[in-house]
Amino acid sequence: MIEGQADLDRMFHALSDRSRRGMIDRLGRGPASVTELAAPLALALPTVMKHLQVLEESGLVLSEKSGRVRTYRLQQNALAAIERWVEQRKTRWTTAFDRLDQFLADEPETLPE
């Protein structure tokens, strides 16, 4: 379980930055080179490379090099762990709110004096 928590930590950290989320959005349309990913950002290329390293270390993206061009793509099912984490919490919260709704419905109405 500790390893799973560390994986989630890396993913949430990677997604905490606006530039990296933008890169993820772009990769959602298909693979892209570093240059293509850097184009809409007002960042130096070394900074973009550091952001891509964070994304790759988180397991959200994969890269491959062909000649001088490094291409990035989304890791298939990478967000599944985050989806499971969110769904588990959503289920717990929904259950708790349902119990609260039932409790309030069972309480007799009291009128202010």
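1. Does S58 count as buried or exposed? With a relative accessibility of 6%, S58 counts as buried, where buried means under 20% relative accessible area, exposed over 50% and partly exposed in between (1.4 Å probe, protein chains only). The model is predicted, so local features need pLDDT of at least 70 and side-chain atom pairs count only at pLDDT 80 or more, while totals for chains, interfaces and linings use all residues. Residues are numbered from 1 along each chain as its sequence is written, and side-chain values use heavy atoms, with hydrogens and water left out.

2. S58 belongs to helix α4; helices (H or I, at least four residues) and strands (E, at least two) are DSSP runs, numbered from the N terminus. Its side chain reaches the backbone oxygen of L55 at 2.7 Å. This is a polar contact, namely a pair of N or O atoms within 3.5 Å; within protein, one must be able to donate a hydrogen and the other to accept it, and residues adjacent in sequence count only if both atoms are side-chain atoms. Leaving aside neighbours within four places in sequence, S58 is in contact (heavy atoms within 4.5 Å) with R10, M11 and A14.

3. V48 also lies in helix α4. V48 is buried, at a relative accessible area of 0%. Neighbours within four places in sequence aside, V48 is in contact with M23, V34, A38, L41 and L43.

4. In helix α2 (residues 18-27), the buried residues are S19, R20, M23, I24 and L27. Seen down the axis of α2, these residues fall within an arc of 145°, so they line one face of the helix; the arc is that of the directions from the helix axis to the C-beta atoms. R18 and D25, on the other side of α2, are exposed. At the start of α2, a side-chain oxygen of D17 comes to within 2.9 Å of the backbone nitrogen of S19.

5. The axes of α2 and α4 (residues 45-58) come within 10 Å and cross at roughly 70°. That makes α2 roughly perpendicular to α4. Axes are lines fitted to C-alpha atoms, for helices over the stretch in contact, and angles run from 0 to 180 degrees between N-to-C directions. Angles under 35 degrees count as roughly parallel, over 145 as roughly antiparallel, 65 to 115 as roughly perpendicular and the rest as oblique. From α2, the residues S19, R20, M23 and I24 meet V48, H51, L52, V54 and L55 of α4.

6. N77 lies in the loop between β3 (69-74) and α5 (80-106). N77 is exposed, with a relative accessible area of 62%. Its phi is near 65°, a positive value in a residue other than glycine.
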